[in-house]
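Okay everyone, thanks for coming.

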Amino acid sequence: MEDFELDVNAAAAHIAGDFENEGDFDFMQEEERLALVRRLAAIDAAYMEEIGDGVYDEDVIYERLYAAAEEAYPQYKTYLMRFVDDYMDFMEQYLVSIGAVEWE
């Protein structure tokens, strides 16, 4: 999308709410979930800036997000693949909700 800049704080707040509503990661402290979502959103935003008008490669960003999550919270290793997958779904839903996604 041309000249789109992701508001990382707004996206993270929205996605953190999605995780809270889902309830699947309630074993994590709320602060941990929010910190992880903020970290992932920042990496996602940097990737979007990096690719510009190029194609968003879900495999590339998934690997980056998972590596960052695993580095930040190794104690949750068995849950992080699902967390990152849910994050990506929630981010897509957020981007659609603000009209920032163009489908090819």
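**Rings that meet**

Let's start with F27, which is partly exposed at a relative accessible area of 40%; buried means under 20%, exposed over 50%, and partly exposed in between, using a 1.4 Å probe and protein chains only. Y79 is also partly exposed, at 41%.

Quick caveat: this is a predicted model, where local features need pLDDT of at least 70 and side-chain atom pairs need 80 or more, while totals for chains, interfaces and linings use all residues. Residues are numbered from 1 along each chain as its sequence is written, and side-chain values use heavy atoms, with hydrogens and water left out.

Now the overall fold: four helices and zero strands, where helices (H or I, at least four residues) and strands (E, at least two) are DSSP runs numbered from the N terminus.

So, how many aromatic pairs are there? The structure has 10; rings of Phe, Tyr and Trp (its six-membered ring) pair if their centres lie within 6.5 Å, and planes under 30 degrees apart are stacked, over 60 edge-to-face, the rest tilted. F25 and F83 are edge-to-face, because their centres are 5.0 Å apart and their planes at 75°. F25 sits in the loop between α1 (8-22) and α2 (30-51), F83 in helix α4 (residues 77-97), 58 residues apart. Both F25 and F83 are buried.

Back to F27 and Y79: with centres 4.5 Å apart and planes at 45°, that pair is tilted. F27 is in the α1-α2 loop and Y79 in helix α4, so the pair ties together parts 52 residues apart in sequence.

Finally, F19, F25, F27, Y73, Y76, Y79, F83 and F90 form one aromatic cluster.
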